[in-house]
Amino acid sequence: MQVFYTGAEWATIRSNFHAENLSIGLVPTMGALHEGHLDLVAQCVKASTISVVSIFVNPIQFNNPEDFEKYPSSLQEDLELLEKAGVDYVFVPEVKTMYPQETKLRFDFGSVERILEGAFRPGHFNGVGIIVSKLFNIIQPDLAFFGQKDLQQVAVIKRLVQDLSFPIELKIVPTRRETDGLALSSRNRRLSPEDRKKCLILYESMILAQKELFEGKKWLEVQGEISQNFKHCEGVELEYFELVEPDQFELLNEFDPNQKVSICVAAYVGPVRLIDNLPLNA
Ligand code: AMP
């Protein structure tokens with residue numbers, strides 16, 4: 001496995017690949033790797049001739065400076081995990097390499113970014129659009145792997161690839177969870193043992209909502225009940241609990257078991273903001 005730090009280094013490495021039908025796979029990450037990331041990595045290693053993982057905590061996608069400052073980092077461990085996973089190359093750029101000057105370009109993904117994460121984290125999807133475009137242009141992968149855990153991000157990146165004609169096939173990987181249901185996230189490392197227990201309300205609420213919807217209860221009733229449950233959970237603050245159509249990313253007021261729908265949730269558990277989602281009829 002080789003670590004590189006700049007686009008110029010990658011251009012040199014790339015120029016040595018001569019095989020025909022060679023495919024380059026990219027897994028963009030912000031590091032502090034866990035088994036969820038490693039699922040993407042395993043799929044990338046399997047599906048591509050050359051696998052590349054990027055590790056870069058992208059400052060411009062954080063709307064909250066404290067979230068950025070406290071974002072966990074464990075580069076040495078990450079590199080060991082990637083080596084074990086059989087990764088070929090790891091791109092670890094510095095901020096000044098990715099942003100030699102302030103980026104003036106602004107992405108507007110339309111209605112997708114006016115709701116949920118877009119509404120609660122202004123500027124977040126612009127930051128995601130900029131960094132993913134830069135990584136796509138620098139690495140020029142044939143395949144790129146993203147997690148369903150960030151469902152709205154997936155919708156945004158699909159638009160990015162379509163609207164800018166990136167010749168890249170997107171592969172979306174299901175969410176990896178702890179045995180009790182908590183979705184793996186780098187931010188989980190910041191949870192106190194007490195908050196770790198409280199987190200379960202996110203997953204359990206989605207499972208409860210799913211059950212009630214399939215029993216015929218109306219969505220708005222279910223949503224109201226879940227909001228009440230969150231209010232009774234001290235130290236947990238619900239931001240949203242919504243039903244969405246995951247491709248266009250539109251909010252739904254009614255559940256139709258024949259339509260593709262997901263529940264999306266975001267909540268602060270203590271100081272840590274967590275998001276999760278559950279496809280109801282995947
Ligand atoms: P991040 O480092 O949080 O930016 O995540 C890098 C990639 O890993 C993104 O495509 C995420 O959606 C994906 N990812 C994060 N957590 C999980 C998880 N629990 N299961 C599957 N993929 C995940």
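Domain bounds are taken from an automatic or database domain assignment. The structure is a predicted model, in which local features need pLDDT of at least 70 and side-chain atom pairs count only at pLDDT 80 or more, whereas totals for chains, interfaces and linings use all residues. Residues are numbered from 1 along each chain as its sequence is written, and side-chain values use heavy atoms, with hydrogens and water left out.

A pocket was defined, on a 1 Å grid over the protein atoms alone, as an open set of points where a 1.4 Å probe fits, with protein on both sides within 12 Å along at least five of seven lines; lining residues have an atom within 4 Å of a point. Volume is the space filled by probe spheres set on the points, which are joined across faces, edges and corners.

The second largest pocket holds about 160 Å³ of space. Its lining draws at least three residues from each of domain 1 (2–173) and domain 2 (186–279). Among the lining residues are Asn 63, Asp 67, Arg 121, Arg 190, Tyr 268 and Arg 273. By class, this lining comprises 4 nonpolar, 2 polar and 6 charged residues (nonpolar: Ala, Val, Leu, Ile, Met, Phe, Trp, Tyr, Cys and Pro; charged: Asp, Glu, Lys and Arg; polar: the others, Gly among them).

The largest pocket has a volume of about 200 Å³. Of its 14 lining residues, Gln 148, Leu 151, Pro 246, Asp 247 and Lys 260 are the closest to the centre. The lining of the largest pocket contains 8 nonpolar, 3 polar and 3 charged residues, and at least three residues come from each of domain 1 and domain 2.
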